[in-house]
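Dear colleague,

I am passing on the structure we spoke about, and I would be grateful if you could look through it alongside the notes that follow.

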Amino acid sequence: MTLETLLAAKTAIVGVWFAGFFIAERLAAAAPPPSSKARLFRNAGLWLIVFLAAPFIVAPLTAWGVNHLIWKRPDAMTMGAVALAVLAVDLVLLDIWTYWLHRAYHRVPWMWRLHEVHHRDEFLDTTSALRFHLGEVILSAALRLIPIMVLALPLTTVIIFEILLLCSAVFHHSNLRLPKAFEAGLSRIMVTPSIHWIHHHAIDRDTNSNYASLLSLWDRVFASRSPAERRPDMKIGLQGVEDQSFLGLILMPLMRIKK
Ligand SMILES: [Zn+2]
């Protein structure tokens with residue numbers, strides 16, 4: 001399949017998934033949403049910038065990476081049941097990469113300047129999953145060339161992972177009310193809102209925990225799981241700082257570090 005076909009499939013799948021959760025969280029909200037709609041416009045604006053720029057920056061970067069692999073996988077890895085097993089291993093490795101990249105965004109001051117834009121959101125819903133500074137999206141795509149080229153990942157695998165990651169992000173940022181027992185069971189395997197909302201709790205200790213994006217076990221394996229439990233009234237955002245205007249968010253990475 002060509003890059004264009006894969007990207008069109010990704011946009012269609014993630015678009016339908018997002019629309020479903022966007023409507024559902026408004027019909028069955030877990031936490032009462034704020035009355036102001038200003039953050040929705042800020043999140044939509046940041047997403048629009050990424051959406052418009054990605055085809056010219058992120059997609060060519062990924063395409064370049066899969067054309068400059070440092071070794072070639074033997075044909076035996078690309079056939080039948082072996083191919084499926086290899087795909088599963090590749091997806092797990094990309095998930096571990098994403099965990100450590102997220103942790104680096106919190107720990108390395110100049111990377112935090114980019115990621116802070118995502119964390120300044122003072123409420124969470126599906127639109128928070130779209131709220132990233134273009135600089136973070138470009139940096140993540142550039143650094144992901146390392147696993148792509150070292151593991152000799154096929155383009156299809158990278159796009160499948162992107163679809164899973166985006167669908168997971170929409171889900172775990174969402175404000176959808178879920179049956180408690182169902183969410184507790186699911187959170188043993190996947191990152192659910194009950195886990196990720198703690199990562200957005202406006203308490204430094206919780207902000208620097210729960211880094212996993214897809215599979216929830218990495219925070220237990222790498223000792224970064226917060227013991228805190230999600231409450232509907234918990235303060236979302238960052239400790240001691242407030243959200244910014246749209247322009248302020250775009251310029252934030254160029255400003256002084258405030259955390
Ligand atoms: Zn984070």
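Which residues are the protein donors of the zinc ion? In this predicted model, they are H102, H106, H115, H119 and H199, each through NE2, and they lie 2.1 to 2.2 Å from the ion. Along the sequence the donor residues follow the spacing H-x3-H-x8-H-x3-H-x79-H, and within this set H106 in helix α3 (residues 80–107) and H199 in helix α9 (residues 193–199) link distant parts of the chain, being 93 residues apart. H106 is buried, with a relative accessible area of 6%, and H199, at 0%, is buried as well.

Turning to the pockets, the largest holds about 1,400 Å³ of space, and of the 47 residues lining it, K10, V50, A129, V137 and L166 are the closest to its centre. Several helices supply at least two residues each to this lining, among them α1 (3–27), α2 (38–66) and α7 (155–173), with α2 giving the most, namely eleven residues; by class, the lining of the largest pocket comprises 29 nonpolar, 14 polar and four charged residues.

The second largest pocket holds about 580 Å³, and of its 21 lining residues those closest to the centre are K180, E183, S194, E229 and R230. Helices α8 (180–186) and α9 each supply at least two residues to the lining of this second pocket, which divides into eight nonpolar, four polar and nine charged residues.

Finally, T127, which lies in the loop between α4 (109–119) and α5 (134–143), is buried at a relative accessible area of 8%; leaving aside neighbours within four places in sequence, T127 is in contact with F18, F22, R39, L40 and N43.

With best wishes

Methods:
Residues are numbered from 1 along each chain as its sequence is written. This is a predicted model: local features need pLDDT of at least 70, side-chain atom pairs count only at pLDDT 80 or more; totals for chains, interfaces and linings use all residues. Side-chain values use heavy atoms; hydrogens and water are left out. Donors are N, O and S atoms within 2.8 Å of the metal (3.2 Å for Na, K and Ca); water is not among the atoms, so sites may look incomplete. Helices (H or I, at least four residues) and strands (E, at least two) are DSSP runs, numbered from the N terminus. Buried means under 20% relative accessible area, exposed over 50%, partly exposed in between (1.4 Å probe, protein chains only). Contact means heavy atoms within 4.5 Å. On a 1 Å grid over the protein atoms alone, a cavity is a set of points where a 1.4 Å probe fits but cannot get out, and a pocket is an open set with protein on both sides within 12 Å along at least five of seven lines; lining residues have an atom within 4 Å of a point. Grid points are joined across faces, edges and corners, and a volume is the space filled by probe spheres set on the points. Ala, Val, Leu, Ile, Met, Phe, Trp, Tyr, Cys and Pro count as nonpolar, Asp, Glu, Lys and Arg as charged, and the others, Gly among them, as polar.
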